[in-house]
Each structure stands twice: as structure tokens, then as C-alpha cells.
Amino acid sequence: MKTKATNTTDYFAGLAEDRRFALGTIRQMILDIWPSVVEDMSLGMPTYHLDGEAFCAIASQKNFMALYIMPYDLLNAFTLDLRIYDTGKSCIRFKRLEPATLELFDRIIKYTGSQMHTSRFHGKPENMRYNGKAH
């Protein structure tokens with residue numbers, strides 16, 4: 001969903017209570033795992049940067065919520081885990097934050113943050129990650 005929020009405080013305040021709780025839980029997980037992470041509103045959604053590079057984002061869309069992994073090639077390590085989820089190239093879509101989903105997100109956030117330097121997208125401009133030119 002498009003948002004007019006220019007900062008994460010306004011973004012979360014504008015969410016329905018159930019989505020604010022679910023995405024807030026993931027947000028807190030990211031902040032707890034990576035205390036040095038920088039949070040901003042890149043790409044129209046709360047985005048989290050490590051060492052100056054975006055590594056994940058969260059968003060409330062019309063029909064689902066999503067965790068986006070910017071170095072999405074690192075999601076290959078979770079192929080078996082993700083087979084029961086609705087996924088895109090860089091996103092994992094969900095309607096409710098179940099304990100199993102939260103546990104998987106915990107592992108994905110830890111892994112992708114620690115392995116960003118091994119991604120084929122490491123050091124590439126964000127626009128090259130999504131338009132197919134950085135393959």
C-alpha cells in the first residue's frame with residue numbers, strides 16, 4: 001500500500017493495530033539482532049541498513065504483510081523452509097505472524113545480516129538489485 005509517511009514513526013502509527021503489532025514485532029527483532037542497524041523510509045517502507053547497505057525491509061501491503069530481503073540471493077539458503085510461504089524474488093508474504101514464521105524470520109535476519117558481504121549484490125546500487133542488471 002502506498003503511504004504518505006515520511007518516517008517510520010508515522011508509518012507504524014498509520015497501520016491497523018494487528019499489522020502494527022506484527023510488523024512492530026519484526027521491527028524490534030531486527031533492532032535487537034542488529035543494534036547498529038539504521039532504520040529509514042527507503043522505497044516507501046521501513047528499511048534497515050547495515051554498514052550503509054539496505055539488507056531488509058518490512059511493509060504492509062493491501063492483502064498481506066511482507067519481509068523483504070535486499071540481498072535476495074541469500075534466501076537460497078532457506079529454499080526448503082520457504083516452500084510453504086508465498087514468496088517473490090526478495091519478499092516473504094504473510095497474513096498473520098505465526099510463531100513458526102517469526103522463528104524463520106529470526107534465522108533469515110541473522111543469516112542475511114551476517115552474510116551480506118557474500119551476496120552477489122554486495123556493493124551494488126539498490127536500483128541494480130531490482131531491475132535485473134546485477135545478475
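Biologist: Is serine 119 buried or exposed?

Modeller: Keeping in mind that this is a predicted model, serine 119 counts as buried, because its relative accessibility is 6% and the cut-off for buried is under 20%. Serine 119 is found in the loop between H4 and helix H5 (126-130).

Biologist: And which residues is serine 119 in contact with, leaving aside its neighbours within four places in sequence?

Modeller: With those neighbours set aside, serine 119 is in contact with Pro71, Asp73 and Leu74.

Biologist: Let me step back for a moment. What does the secondary structure of the protein chain come to?

Modeller: The protein chain has 5 helices and 6 strands, and read from the N terminus the elements follow the order α-α-β-β-β-β-α-β-β-α-α. The protein chain has 135 residues, of which 44% count as buried.

Biologist: OK, E3 then. How many of its residues are buried?

Modeller: Strand E3, which spans residues 53-60, is mostly covered, with 8 of its 8 residues buried. On one side, E3 is joined by 4 bridges to strand E2 (residues 47-50), and the two run antiparallel; on the E4 side, 5 bridges join E3 to strand E4 (residues 65-69), again antiparallel.

Biologist: What about the turns, how many residues sit between the strands in the hairpin of E2 and E3?

Modeller: There are 2 residues between the strands in that hairpin, and aspartate 51 takes a positive phi near 50° there. Leucine 50 has glutamate 53 in E3 as its bridge partner. The hairpin that joins E3 to E4 passes through 4 residues.

Biologist: Which residue in E4 does alanine 59 stand opposite?

Modeller: Alanine 59 stands opposite alanine 66 in E4, and alanine 66 in turn has a bridge partner in E6, namely arginine 93. The strands E4 and E6 are joined by 4 bridges and run antiparallel.

Biologist: Since we are on rings, how many aromatic pairs does a search of the whole structure find?

Modeller: The search finds 5 aromatic pairs. In one of them, tryptophan 34 and phenylalanine 55 have ring centres 6.4 Å apart and planes at 75°, so the pair is edge-to-face. That pair links distant parts of the chain, with tryptophan 34 in the loop between helix H2 (17-33) and strand E1 (38-40) and phenylalanine 55 in strand E3, 21 residues apart. Phenylalanine 55 is buried, with a relative accessible area of 0%.

Biologist: And the rings of phenylalanine 78 and tyrosine 111, how are they arranged?

Modeller: Their centres lie 5.4 Å apart and their planes are at 80°, so the pair is edge-to-face. Because phenylalanine 78 lies in the loop between E4 and helix H3 (79-82) while tyrosine 111 is in helix H4 (residues 99-115), the pair ties together parts that are 33 residues apart in sequence. Phenylalanine 78 is buried at a relative accessible area of 6%, whereas tyrosine 111 is partly exposed at 30%.

Biologist: That brings us to H4. Which of its residues are buried?

Modeller: The buried residues in H4 are Thr101, Leu104, Phe105, Ile108, Ile109, Thr112 and Gly113. They cover an arc of only 150° around the axis, which puts them on the same side of H4. On the other side of H4, Pro99 and Ala100 are exposed.

Biologist: What covers the buried residues of H4?

Modeller: The cover includes H2, E2, E3, E4, H3 and strand E6 (91-94).

Biologist: Last one, how far does H4 reach from its first C-alpha to its last?

Modeller: With 17 residues, H4 reaches 24 Å between those two atoms, which is close to the 24 Å expected at 1.5 Å a residue.

Technical notes:
Residues are numbered from 1 along each chain as its sequence is written. This is a predicted model: local features need pLDDT of at least 70, side-chain atom pairs count only at pLDDT 80 or more; totals for chains, interfaces and linings use all residues. Side-chain values use heavy atoms; hydrogens and water are left out. Buried means under 20% relative accessible area, exposed over 50%, partly exposed in between (1.4 Å probe, protein chains only). Two strands pair if DSSP finds at least two bridges between them. Rings of Phe, Tyr and Trp (its six-membered ring) pair if their centres lie within 6.5 Å; planes under 30 degrees apart count as stacked, over 60 as edge-to-face and the rest as tilted. Contact means heavy atoms within 4.5 Å. The expected span of a helix is 1.5 Å times one less than its number of residues. The arc is that of the directions from the helix axis to the C-beta atoms.
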